[in-house]
Amino acid sequence: MIEILLAILFIMILLLAANVRIVPQASAYVIERLGGYDTTWGVGLHFKIPFLDRVAKKVNLKEQVVDFPPQPVITKDNVTMQIDTVVFFQITDPKMYAYGVDNPIMAIEKLTATTLRNIIGEMELDQTLTSREIINTNMRSALDVATDPWGIKVNRVELKNIIPPEAIRNAMEKQMKAERERREAILRAEGEKKSTILVAEGQKESAILEAEAEKQAAILRAEAEKEKRIREAEGQAEAIRVVQMANAEGIKYLRDAGADEAVLTIKKLEAFEKAANGSATKIIIPSEIQGVAGLAKSVGEILK
């Protein structure tokens, strides 16, 4: 009897251990009872009723990333290209995720492909290549609305690669090469233009500096010549002043010595003789000197 009780106790312990569940962080368990949805377990310790309850689905609540293979799409101008997308999504409702759609990841992939074809079909090739952000935003909005009944929230959609046909790629490479050559030619021309401008400005500055230097030199030469003439004029004036002072001193000595009018007249004649030896072409002789000259001539004839 004791052995039977121990066996029953052991079986009960095994059943309890088998029906205890610990739900980890960022996870949720969908529980069914008798085949129908009963509850959703969150993080922590839980116990299910043996033979009645079962864990129908373990749901990961972390943000997940799915990289879908390239999908063929046709643009508005009939260019076929390959585009692969990356979808970032998160499960917000474990119950709707478990019962909303069978194989949710495949459903998201197919929905992404059809949405991408619809968006690209309204755009031309050039617009497709330059409007990644617009395409990403439109796809995220469309997928988020479509996956909401499945308990899934699409956080972000990114176009990983856009692969045009080989002929288009070759044409684009040629266009890019021509554009690079054009920019190089423009840069070279601008460089030569700037170099020419700098050379011309340098020559202009040099000419201005040379003219300024010549102007300063001419001013200095004129000032030097002016100073020279002033010094010469001052020298001549000084010489005249000295001569006049000497003459004045001589006359003063004669007067102090008591010289009469005849002696003074003779001095005037001597001064007239010096004036006659100059470079003047016309000399005006005062009348009193003429009288004295005649008197001197008469005295000379008498003495002979």
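Guide: Two strands count as paired if DSSP finds at least two bridges between them. Strands themselves are DSSP runs (E, at least two residues), as helices are (H or I, at least four), and both are numbered from the N terminus. One thing before we zoom in: this is a predicted model, where local features need pLDDT of at least 70 and side-chain atom pairs count only at pLDDT 80 or more, while totals for chains, interfaces and linings use all residues. Residues are numbered from 1 along each chain as its sequence is written, and side-chain values use heavy atoms, with hydrogens and water left out.

Three strands form an open sheet in the order β3-β2-β5, paired antiparallel. At the edges sit β3 (36-41) and β5 (53-60), each with pairing on one side only. On average, neighbouring strands here are turned by 25 degrees against each other, direction ignored. Strand β2 (residues 27-33) is joined to β5 by seven bridges, and across that pairing glutamate 32 stands opposite arginine 54 in β5.

A nonpolar core is a set of buried Ala, Val, Leu, Ile, Met, Phe, Trp, Tyr and Cys residues joined through side-chain atoms within 4.5 Å. Buried means under 20% relative accessible area, exposed over 50%, and partly exposed in between (1.4 Å probe, protein chains only). In soluble globular proteins, nonpolar side chains tend to be buried together. The largest core here holds 29 residues, and Ile83, Val87, Leu116, Ile135 and Met139 have the most contacts inside it. Two or more residues each come from β8 (80-91), α3 (104-120), α5 (132-147) and β9 (152-163), with α3 giving the largest share, six residues.

Zoom in on isoleucine 83. Skipping neighbours within four places in sequence, isoleucine 83 is in contact (heavy atoms within 4.5 Å) with Pro69, Pro70, Gln71, Val73, Leu116, Ile120, Leu159, Asn161 and Ile162.

Glutamine 71 lies in strand β7 (residues 71-74), and it counts as buried because its relative accessibility is 15%. Leaving out residues up to four places away in sequence, glutamine 71 touches Met81, Gln82, Ile83, Glu109, Ala113 and Arg117.

Stepping back, the protein has eight helices and nine strands, and 20% of its 304 residues are buried.

Conventions:
Axes fitted to C-alpha atoms, helices over the stretch in contact; angles between N-to-C directions.
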